[in-house]
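Here are some notes to read alongside the model. Keep the 3D view open and check each point as you go.

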Amino acid sequence: MTKKNPSGAKKEPPTTVKGMQDVIGEEYYAYSGFFEKASEVAMYYGFRPIETPILEKEELFTSGVGLDTDIVEKEMYTLKTKGGDHLVMRPEGTAPIMRAYLEHGMQSWSQPVMLYYKGPFFRHENPQKGRSREFQSFGLEILGTQKSIADATIIHTTMIILKEAGLQNLVLNINSVGDKECRPKYVRELVSYYKKHISELCVDCKRRIKENPLRLLDCKNPKCQDIKAGAPSSVTHLCDECRSHFKEVLEYLEALNIPYRINNNLVRGLDYYSRTVFEITEETVETVEEEISEEKKKEGKEEPKEIVATSLALGGGGRYDYLARNLGSKKDIPGIGVGLGVERIFMTQGYKRQDPRIIKHPKVYFIQLGTHAKMRSLNIIEILRNARVPLMQSLAKDSLGSQLASAEKLKIPYAMIFGEKESIDDTVIIRDMNTRSQDTVKIVDLPKFLKTIK
Ligand code: HAM
């Protein structure tokens, strides 16, 4: 029934906030399964878990991720508390992890510190396929080393996590955006190149020249694509140290048999990156039926066309050797990491559901009849729990018919019936829902019997 509020106007039932979702039933298990497997892979590679709060101070992201980035400029959920603090629903995980590293003195731990984390992140974007305002992510970070093997470890572990989720046609795009030695010179060249074409650029790029030149290479506007194709590339401007670091990363990838594509336009949208940046996509071949002209039909050219489709980035990451200083650290703390978008992984062609270890498919539907039986029901359920037998029940129901109907509807293989007689005799009836055969079992023998139906 539609309720009325005190003013008399009709009140609609509440719904989720735009771009956010409830996770129910099988979908819940899909998330748990993915996170469980990803955590297990991460653990085997030496990562340990960490959980940071969903709310962080606003300045963590304004100083860490960068004021001119889309995330900070347009997409943060910011709130002001009654005490006047400016807080943010975390839009990403790396700045919080670095905050935690500094706050908990992880410099004194054995280095590098390898962490994994999972959970919801929030960005006020325009919701569309593969882009929501609340999304689930799994992340890996290695803090405290500049060594290229750390970059390779992050990429390799990420690839394994994706492969464990069934993905096969993965493409790794990689680039190096240099460091504080070589990047300024490269950025100057980029700006001077783009200034020559300023009249042909889109409005955003005109702004980017002044505010965030590297983001010029991110532009998707068709107007700017030819100019972008002719832009100088960062890899040809790397200093000796960055060049050899990048070379080493690529050598590790080759040794690990991880194919890669050097993508000169890959800069990624967050300011904290230095040296290695990368993104992973799934590439699939799709067949499209084209309208075939009469002429082509006569020539027999009727074959459908194959096009290569690339997914949105399933994950992306890179090095952030200056992030710690931007957050106020007196020392540089180098780091490298990745964030994976779980919803985007679920949308890929290769994805195969991973089952979580937690109980999923109940074996028994517990049915109780009569006051005495209902009274003892929770004790019987405890016997089943101790025997690790998953069940469903509806203790709130009273009639046999409605409880059996639920068991059938849920396709549960066994019903365990506990009525007044059974309560007096200390027995239960186990009914095979398919064959309808029944056994009467003494409660003391229940754990042993349950093993036979597992
Ligand atoms: P990011 O590329 O901004 O990187 O996000 C990581 C992944 O999260 C993306 O590749 C994408 O799969 C997913 N994602 C991002 N935004 C959305 C959205 N609105 N809806 C659905 N999925 C989304 C980072 O956040 C960095 N912290 C990664 C990193 C870790 N770099 C170093 N360490």
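1. Start with two helices. Helix 5 (residues 148-164) packs with helix 9 (residues 240-255) at an angle of about 40 degrees. The axes of the two helices are 8 Å apart. Keep in mind that this is a predicted model.

2. What do we call this arrangement? Angles under 35 degrees would count as roughly parallel, and 65 to 115 as roughly perpendicular. Helix 5 and helix 9 are therefore oblique to each other. The crossing of helix 5 past helix 9 is right-handed. In general, an angle between the axes and a distance between the axes describe two packed helices.

3. Now turn to the ligand. Which residues come nearest? There are 25 residues around the ligand, and Glu92, Thr94, Glu125, Ser132 and Tyr273 come nearest. By class, the shell holds eight nonpolar, ten polar and seven charged residues.

4. Look next at single atom pairs. Ser132 places a backbone N or O atom 2.9 Å from a nitrogen atom of the ligand. Arg268 uses its side chain: an N or O atom there is 2.9 Å from an oxygen atom of the ligand. With Ala313, a polar backbone atom lies 2.9 Å from an oxygen atom of the ligand.

5. How much of the ligand does the protein bury? Taken alone, the ligand exposes 660 Å². The protein buries 95% of that.

Key
Residues numbered from 1 in each chain as written. Predicted model: local features only at pLDDT ≥ 70, side-chain atom pairs only at ≥ 80, totals over all residues. Heavy atoms only, no water. Near = heavy atom within 4 Å. Polar contact = N/O pair within 3.5 Å; in protein donor to acceptor, adjacent residues only side chain to side chain. Areas by Shrake-Rupley, 256 points an atom, 1.4 Å probe, with all protein chains shown as cover. Nonpolar A, V, L, I, M, F, W, Y, C, P; charged D, E, K, R; others polar. Axes fitted to C-alpha atoms, helices over the stretch in contact; angles between N-to-C directions. Helix = DSSP H or I, 4+ residues; strand = E, 2+ residues; numbered from the N terminus. Parallel < 35°, antiparallel > 145°, perpendicular 65-115°, else oblique. Left-handed = near helix turned anticlockwise from the far one by under 90°.
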